[in-house]
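Dear colleague,

I am passing on to you the structure that I have been looking through, and I would be glad if you kept it open beside this message while you read. My notes on it come after the display.

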Amino acid sequence: MKNQTRQKHLSHSDFQSLSQSIYSELSGDESLALTLSAEDSKFYRFNESRLRQATELTQIGLQLHLQKNRRQIKVSIFLGVSSEENKEHVLKILNQMRADINELPEDPYFVAHQNYGVSSQISEPIETSIATLEKICTEQLKGLDLAGLYCEGPLTLGMSNSVGLDHWFESAPFFFDYSLFHGFKAVKGGYAGAEFVDHKFSEKLAENQIFLERLKKPSMKIAPGKYRTYLAPAAANELIGMLAWGGFSYAALQRGQSSLGKIFKNEAKLSPLLTIEENFENGLVPRFNDLGELSPEKMVLIEKGVGVNLLTSSRSSVEYKVKSNGASMSESFRSPKVLAGTLETKDILKELHTGLYLSNLHYLNYSDMPGGRVTGMTRYACFWVENGEIIAPIEDLRFDESLYHCLGAGLIALTKETEHFPETSTYFSRRVGTSECPGFLIDQFTFTL
Amino acid sequence: MSRQWIGLFQELKKECDWLSFRFLNEDSKAYSTRDGKVEEARQVFDRGVMMEVVVDGTLVYAATSDLSEAGLRACFKRGAMRAKQLSPLKLTHFNPKSRGLYQAQKANLGEKKLEQLTTSEIVQHQIKVGELLKKGPHVLSSQLTTILLSTETLYLTSDGAEIHQETAMTLQDMRVTGQKKATIQTRSDHGYMARSKQGGAEGINTDFLGMRADTLIRELNEMLDAPDCPTGKLDLLLSPDQMMLQIHESIGHPLEIDRILGDERNYAGWSFVKKEDFGKLQYGSPLMNVSFDPDLKGEIASYAYDDSGTEAQKTYLIQEGKLLAGLGGSESQERSGLAGVSNFRAQSWNRAPIDRMANLNLEPGSSSLDEMIAQTERGIYMQTNRSWSIDDFRNKFQFGCEYARLIEDGKLTSVVKNPNYRGTTVAYWNALKAVGDPSTFEVYGTPHCGKGEPNQVIRVGHASPACLFSQIEVFGGA
């Protein structure tokens, strides 16, 4: 049973009224942008298939970005729902900012607020009833050992500025990010979307349990070495996720902090099988960035192994005198998509033949960022495969491999089917985001411990 | 702070079985400069309340940024309703004895108020140091950041606890990246935000930053000319700014009792440590003594009471290498039956507390740095963390450092670049062969320890002497 739930935080018209009342107080040499980030969230944390901690949260965050005489300062505050109290609070903060901004020097790479237009995208929130959650715990999880987080509730991102920009994004996604355990072994599961449908969750659990059964065999200890390796889409997505960390940033490349420096300096190429895009076509992520600029619906970053575009913010555009392309200030991707290959799902084990099947990776980090080398661990359902058949689960292995190899000459095939991964990060606030990735078949992948 | 709501608290506590309010005010001011120019000035004024609402033995956390009377009443109502609804699903029954009963007022605001440092003073100094760093012959970019932070909490419970705590903190970071031919290296001031301290404006020593800038440039130039770190087994001497990470990842996280109980299995992971290991497991060599110390002067995660209102006291977790106690607050102690500490901590008003590290330190030994170098025939001295990765049970780790020098026949010799090492936790700590004396003991911290569902980052402190480990696998870069 589903209930439509009304948002408890600010509506678009509340935000527009607040914005206009503040902008009317600005002097001629001041410009202000307001960014709203609000959520009414349920966070239900599970252990042993029971509720370990439940949090109900109403959080209304507002960032003020004041510009004056090529100087700028940002202040984040938290609000209530009363229009009058909010206005009074915001004006008080604005006055403090007016004092601080005069103490700052001119910003040499200043980008003035502009009117990048108006946009609005609203999805109706649908609440999962507590009865549904109770049914999950008492019926669907019976006999299973589950740990994880169920999260849902309305989520709003709004942005306006004193020169006319007005963006609004309202959504109410849910996700259930979980692990199912057999002793110390586990499979990773996830179910996300706009509406929780019982039978779809049951299907996900049934799929997970097939892998869980396979984990009941004794684990094999695999010696460090180089192995033919299949990274399932979740594992491949973790590897691609590392490229958010400077990989496609124009500024990072200039400052010696890019892991794909050789690609974008045309000193190396990745596999011709690999195409990576920043892609907002699915509508799950707002196209407006932290300045309010609208990113293109699709931009190719790597095309058939060749670096074609870097994410370039307006600030980098001023500093390095290049054209910007709607990237956020951090120049990290927000909606990456790796295009599918040709490897059919039914042929994965046959093509792997003998080697490692890895469902997930864990705790990746650069062991040499300028050198493009990444280390990390195997996690969850990982198996040794011989002659196209799963033989046994493995004890966890550490890998340490160059991106130039595993996404370059070592990349043998990408799967025809891709998977979508919703953003499950909840640091400070819930994020919106998504990524799409196929599985990777890689030759000579290096394991070290 | 928020004392005007004590009357409302007294009223609402009668409408449920048990109630707490935890108000938080946190102000931070952060200033970043890059290449001697201003990059960003950002301030956060964080305000909100977390309620613990108990109905029929079911605890629900309810939080709001709406600090009006209507906002607080709505938050309470939502928490109470949800506690009734969720009761059949709960894992544990709430026990009010897991919350402290203290009435206390504690403040550590340092010797000099944070307000005495002006925006202009901080930014202009960073620009000056940035200009110095730019003069390095191979410098590509440099960055400095200063954060001033003040926190105030008020914790009220149905049983009469009323704890008011205030702290001030300063955090600083300085780093420089250079390139010579194809080699790119970065040298920082003891690692990302490692100069995280509790106290007032006295923590920002502007002259000292200028002196460190010279050292960073000199060491960066050495790194740019250096060969790669050799591959093989060597004795490994670690400086305190790398010991910080080693302690954090391979002692702190595996000893968190909520991890041992499985709460973190879907995110941060489980632990190789089992309940039956306490009092038995020889975690490291007899030279290893590890303490939870919430009262070390200047260490960033010092506090008198945790977020369950229980009193924090120095406790040895490991003595002479043997595992004695875990990092678990009163709730985890009750669930596990294990000895723990007061470390039930939340990132902010909008998150429920969980078991966190606070100040976790390795106690000094008796060897001077010179003695440890002199006793090493073939070894390497690594400084300052730059890369970290460990498995979900906290066994197999690989860590990388910024700067290293070889030790040959008891003497420090050539600089090598891209130094990394790997090992497994218990074997590694049992290879500890010398612990530095108090002259090598240094205090660092980080504001960015991530854990929990929903996710939380928290500030932790780590103090350690330099330490020598026997025959560790080391290797270089790409």
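Predicted model: local features only at pLDDT ≥ 70, side-chain atom pairs only at ≥ 80, totals over all residues.

The contact between the two chains

The contact draws on 93 residues from chain A and 91 residues from chain B, and the area buried between chain A and chain B is about 7,800 Å², with carbon and sulfur atoms giving 48% of it. Between chain A and chain B there are 64 residue pairs in polar contact, counting pairs in which both residues are at pLDDT 80 or more. On the side of chain A that touches chain B, strand β3 (residues 50-68) gives the most, with twelve residues, and by class that side of chain A has 36 nonpolar, 28 polar and 29 charged residues.

Strands also meet across this contact: strand β4 (residues 71-78) of chain A and strand β2 (residues 37-55) of chain B run parallel and are joined by four bridges.

Salt bridges between the chains

Over all chains the count comes to 54 salt bridges, and twelve salt bridges are found across the interface of chain A and chain B. A:D145 forms a salt bridge with B:R265, in which the closest N and O atoms are 2.8 Å apart. There is also a network of salt bridges that takes in residues of both chains, linking A:D40, A:K42, A:E56, A:E127, A:E152, B:R78 and B:R82.

Salt bridges within chain B

In the pair formed by B:E331 and B:R99, the closest N and O atoms of the salt bridge are 2.9 Å apart. This pair links distant parts of the chain, with B:E331 in helix α7 (residues 330-336) and B:R99 in the loop between α2 (69-86) and β4 (103-108), 232 residues apart. Both B:E331 and B:R99 are buried.

In the next pair, the side chains of B:K297 and B:E111 meet in a salt bridge at 3.8 Å, N to O. Because B:K297 lies in the loop between β10 (290-292) and β11 (315-319) of chain B, and B:E111 in the loop between β4 and α3 (119-134), the pair ties together parts that are 186 residues apart in sequence. Here B:K297 is exposed, and B:E111 is exposed as well.

The remaining pair is B:E256 with B:K451, whose side chains meet in a salt bridge at 3.0 Å, N to O. B:E256 sits in the loop between α5 (240-252) and α6 (257-260), while B:K451 belongs to strand β21 (residues 442-451), so that this pair, too, links distant parts of the chain, 195 residues apart. B:E256 has a relative accessible area of 0% and is buried, and B:K451 is likewise buried, with a relative accessible area of 0%.

One residue of chain A

A:K269 is found in the loop between α7 (261-264) and β13 (276-279) of chain A, and with a relative accessibility of 62% it counts as exposed. Leaving aside neighbours within four places in sequence, A:K269 is in contact with A:I263, A:G305 and A:V306. From A:P105, A:K269 is 164 residues away in sequence and 42 Å away in space, C-alpha to C-alpha.

With best wishes

Conventions. Residues numbered from 1 in each chain as written. Chains lettered and ligands numbered in written order. Heavy atoms only, no water. Salt bridge = Lys/Arg side-chain N within 4 Å of Asp/Glu carboxyl O. Helix = DSSP H or I, 4+ residues; strand = E, 2+ residues; numbered from the N terminus. Buried < 20%, exposed > 50% of the residue type's maximum accessible area, 1.4 Å probe, protein only. Contact = heavy atoms within 4.5 Å. Buried area = accessible area lost by both parts, 1.4 Å probe. Polar contact = N/O pair within 3.5 Å; in protein donor to acceptor, adjacent residues only side chain to side chain. Nonpolar A, V, L, I, M, F, W, Y, C, P; charged D, E, K, R; others polar. Pairing = 2+ DSSP bridges.
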